[in-house]
Amino acid sequence: MIVIRCGSAPVPTVLGEHPRIALSEVPGKDEITRALSEVGTRRRMLVCGTDAALAAVVTRLMRTENLDVDVAYIAEEPTPATRVYGLPTGSAAAKLGVQGEARELPLIRDETGQVLVGEATVTGPDGGVLVGETYGDDTIVFSGEVDALTVRPSPDLPGVLATAERPRRIRRRRWVAARAVQLGTTAGIITRDGKQARRAVKRTSFYRHVEPWRLVSP
């Protein structure tokens with residue numbers, strides 16, 4: 001068991017007696033590999049940081065075939081990922097990370113091999129309308145123009161949730177549950193777990209990986 005402090009993320013005092021390693025705010029693959037070598041026999045990482053930091057860690061676990069490692073997430077405040085998985089924050093999250101049990105959950109990734117832990121949004125360039133078409137498995141999410149596409153992982157199968165944002169409509173947005181969500185667009189800007197991509201894409205997909213990950217959960 002090792003505490004992973006990403007950037008300047010607070011580390012609750014309850015974790016003071018556990019080994020700690022400091023990484024970048026969004027750690028790179030070499031940093032995470034080094035941390036993994038120090039996990040020890042209990043095979044648990046307690047990640048203090050942001051959704052982007054957690055996604056970076058889990059991405060590396062997936063790519064190095066270490067998804068058997070337990071992961072605990074200690075966020076200072078609620079985030080999309082804590083809301084998705086019903087996780088506490090602060091000291092309560094730290095206590096859960098030390099004492100709680102890990103359970104297998106669907107692991108959601110995109111076609112570039114990056115894991116999604118909280119939320120991804122896709123808009124047009126400069127925050128403009130998104131033009132295109134999205135399917136969740138065989139169900140259409142939208143076709144035409146929308147303000148944004150939102151994709152989230154789900155702790156329940158099939159694993160991915162998607163919705164199109166149409167704020168001018170009064171009725172509640174419809175979420176589509178699927179194993180895979182695929183978007184085709186003239187130009188889309190993706191923000192994954194709070195990190196915005198530099199370049200527009202014409203297509204992207206989010207889907208359930210063949211293996212689950214292990215998250216310490218309530």
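Analyst: An angle under 35 degrees counts as roughly parallel, over 145 as roughly antiparallel, 65 to 115 as roughly perpendicular, and the rest as oblique. The angles run from 0 to 180 degrees between N-to-C directions, and axes are lines fitted to C-alpha atoms, for helices over the stretch in contact. This is a predicted model: local features need pLDDT of at least 70, side-chain atom pairs count only at pLDDT 80 or more, and totals for chains, interfaces and linings use all residues. Residues are numbered from 1 along each chain as its sequence is written, and side-chain values use heavy atoms, with hydrogens and water left out.

User: Why are α1 and α2 called roughly perpendicular to each other?

Analyst: The axes of α1 (residues 29-36) and α2 cross at roughly 75° and come within 10 Å. α1 and α2 are therefore roughly perpendicular. K29, I32, T33 and L36 of α1 meet A56, V57, R60 and L61 of α2 in this contact (heavy atoms within 4.5 Å). The contact residues divide into five nonpolar, one polar and two charged (Ala, Val, Leu, Ile, Met, Phe, Trp, Tyr, Cys and Pro count as nonpolar, Asp, Glu, Lys and Arg as charged, the others, Gly among them, as polar).

User: How do you know that the length of α2 agrees with its number of residues?

Analyst: Helices are DSSP runs of H or I with at least four residues, strands are runs of E with at least two, and both are numbered from the N terminus. The expected span is 1.5 Å times one less than the number of residues. For the 13 residues of α2 (residues 51-63) that gives 18 Å, and the end C-alpha atoms are 18 Å apart, which agrees.

User: What makes α2 largely enclosed by the rest of the structure?

Analyst: Buried means under 20% relative accessible area, exposed over 50%, partly exposed in between (1.4 Å probe, protein chains only). Twelve of the 13 residues of α2 are buried, so α2 is largely enclosed.

User: How do you know that the radius of gyration of the chain agrees with a compact globule?

Analyst: The radius of gyration is taken over C-alpha atoms, and the globule rule is 2.2 Å times the number of residues to the power 0.38. For 218 residues the rule gives a value near 17 Å; the chain has 18 Å, which agrees.
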